[in-house]
Amino acid sequence: MSTAQKPTMEFKSSLDIAKIREDFPVLKREVNGHPLVYLDNAATTQKPQAVIDALDNYYSQYNSNVHRGIHRLSQEATDAYEAAREKVRLFLGARDIKEVIFTRGVTEGINLVAFSFGEKFVSEGDEILITEMEHHSNIVPWQLMCERKGATLQVVPINERGELRMDKLEEMLTERTKLLSVVHVSNALGSVNPIGEIVEMAHAKGAKVLVDGAQAAPHLPIDVQALDCDFYAISSHKVFGPTGIGALYGKRELLEEMPPYQGGGDMIELVSFERTTWNELPYKFEAGTPNIADGIAFGAALDYFRKLDSKALVDYENELLTYATESISDLPGIRFIGTAENKASVLGFVVDGIHAHDLGAILDMEGVAVRVGHHCAQPVMRHFEIPGSVRASFAFYNSREDVDRFSAALHKAVEIHKGDDVAKDRDIFDTSAETIQETQQRIVDKFSSYDNWEERYQAIIDLGQQLPPVPEEVKQEKFIVRGCQSTVYLKAEMEGDRVMFKAGSNAMIVNGLIAILLQVYSNRTTDEVVNTPPEFIQKLGLSENLTQGRANGLAAMIEQIKLYAYALKMTRQSGR
Ligand code: PLP
């Protein structure tokens with residue numbers, strides 16, 4: 001049995017992590033009977049009490065609209081909101097507060113530039129450059145803009161470590177390149193791009209540069225003036241602030257020339273039916289009532305973050321990453337996705353033969369939150385020829401114990417999926433000696449003998465391991481069951497008077513569920529399939545622990561099984 005061995009590595013950091021953790025109320029909660037280990041920080045970070053208080057204080061003390069009010073509350077709200085803008089300016093190192101536009105987040109910041117810069121500066125035949133490691137939000141807005149303007153989107157490749165190919169970037173930057181949009185820190189790989197160098201290269205060709213700083217903001221000090229980038233986008237929720245707010249930095253002279261992104265209140269100076277003039281920066285780009293409370297709390301998050309020693313944070317997070325990497329590198333079949341020389345605290349990996357969703361589900365069972373899937377970076381997954389990966393992403397409030405718990409849970413997950421001791425001596429799918437009700441009862445009895453979810457889960461995985469691989473002819477788009485989290489193929493055909501199902505998925509837990517369904521419904525008459533309700537499923541004790549996504553998938557599979565049987569029955573009856 002492979003159990004987690006703790007590396008002997010010494011942490012040099014002097015940060016008082018236990019004290020820092022006290023500031024984050026959610027870290028005290030339990031998940032599935034275990035203290036929470038939150039390692040999904042690249043998706044969103046947790047919020048310190050100071051941020052929660054800022055929200056509460058705004059709504060309970062001075063909730064009102066900003067900029068237009070003459071009354072006291074409105075002035076207080078305006079002051080607090082504009083003070084938050086100043087905090088963002090400081091955080092980004094921008095020269096002028098007019099260069100800081102509040103947005104909903106990085107996605108909106110990029111869309112704003114793609115639209116507005118595109119309208120003004122991009123024409124047919126121009127090129128926009130992005131990279132292979134971009135988040136979808138730094139791909140799709142450019143595709144839309146290129147389509148609108150007749151420009152071409154070019155993609156700079158990455159190497160096998162997940163680093164940007166700087167040689168290719170040099171080649172691909174030409175006089176036609178209007179703008180390069182590049183991520184500072186990749187959310188799927190952790191790779192840190194040398195933005196200063198990249199900006200210099202782009203500017204030498206006359207191209208402007210937008211930096212997606214979503215993942216850099218919580219990990220690296222940012223100085224937009226030193227980087228000399230033209231635009232820099234961040235999201236508050238990645239830096240310990242609320243969701244729904246972020247900021248876009250843009251060089252003033254560019255922003256002045258760009259047309260508004262959206263029209264409405266606040267972004268105007270004078271409106272008549274003949275002609276409207278725009279408000280000054282940054283309001284020209286902020287149509288409508290802004291997200292006041294979250295803007296103020298974003299400022300509170302930056303206040304909190306700034307009080308910590310940023311160099312110590314970076315060093316500590318690097319230690320966590322090294323320790324975590326060492327802790328799990330002994331796992332059989334592990335492959336790290338993203339091994340850049342310069343890397344932030346994102347640990348991506350796959351384990352040979354085990355679907356990322358299966359690993360994520362067991363980690364969740366142990367109270368460990370990680371992200372599994374494509375991380376909104378499908379081209380990165382395609383590059384590494386994987387459907388998805390597991391990603392553990394660290395923040396400064398994560399402790400060495402968090403990593404130990406993560407590693408132990410992961411070792412356990414791999415152990416559960418090994419399948420060495422699965423009894424394969426009996427063909428469980430040969431149910432010809434049982435009626436459909438007897439098969440259901442046998443499965444219910446079996447599951448009743450398990451004491452807890454862990455035993456039931458192991459049983460499902462064991463069943464999944466006995467499911468024969470899906471035949472190639474079934475792996476077709478038309479046999480995909482809609483509504484499942486993982487890809488599920490299901491095909492039905494008649495053999496004599498029996499309907500036979502062939503099915504399978506890329507996730508082992510789903511294969512286990514399929515194995516249960518096939519024992520009951522395959523090799524039966526169409527009438528038996530159509531007329532036997534799936535109530536037995538309720539008695540298996542799965543509903544509490546199966547995620548909503550999995551439960552929906554299970555329901556979709558049952559529905560499809562019944563639909564197939566009904567269709568085959570009708571076809572028979574009509575003699576076709
Ligand atoms: N870019 C990167 C690298 C990200 O990680 C994310 C979010 O995960 C985004 C952009 C999008 O950020 P948001 O959803 O906050 O707009």
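The ligand is surrounded by 13 residues, of which Thr-107, Asp-212, Gln-215, Ser-235 and Lys-238 are the closest; a residue is counted as near the ligand if one of its heavy atoms lies within 4 Å of it. The structure is a predicted model, in which local features need pLDDT of at least 70 and side-chain atom pairs count only at pLDDT 80 or more, whereas totals for chains, interfaces and linings use all residues. Residues are numbered from 1 along each chain as its sequence is written, and side-chain values use heavy atoms, with hydrogens and water left out.

By class, the shell around the ligand comprises 3 nonpolar, 8 polar and 2 charged residues. In this classification Ala, Val, Leu, Ile, Met, Phe, Trp, Tyr, Cys and Pro are nonpolar, Asp, Glu, Lys and Arg are charged, and the others, Gly among them, are polar. An oxygen atom of the ligand is placed 2.6 Å from a side-chain N or O atom of Ser-235, and an oxygen atom of the ligand is 2.7 Å from a side-chain N or O atom of His-237. The backbone also takes part: a polar backbone atom of Val-106 is 3.4 Å from an oxygen atom of the ligand. Taken alone, the ligand exposes 390 Å², and the protein buries 85% of that (Shrake-Rupley method, 1.4 Å probe).

The ligand sits in the largest pocket, in the sense that more than half of its atoms lie within 2 Å of the grid points of that pocket. A pocket is an open set of points on a 1 Å grid over the protein atoms alone, where a 1.4 Å probe fits, with protein on both sides within 12 Å along at least five of seven lines; lining residues have an atom within 4 Å of a point. The volume of the largest pocket is about 1000 Å³, taken as the space filled by probe spheres set on the points. Its lining consists of 50 residues, and those closest to its centre are Asp-40, Ala-43, Val-370, Arg-371 and Val-372. By class, this lining has 19 nonpolar, 20 polar and 11 charged residues. The largest share, 5 residues, comes from α12.

Two backbone features were also identified. The peptide bond from Leu-281 to Pro-282 is cis, with omega near 0°. Phe-240, a residue other than glycine, has a positive phi near 70°.

Notes
A polar contact is a pair of N or O atoms within 3.5 Å; within protein, one must be able to donate a hydrogen and the other to accept it, and residues adjacent in sequence count only if both atoms are side-chain atoms. Helices (H or I, at least four residues) and strands (E, at least two) are DSSP runs, numbered from the N terminus.
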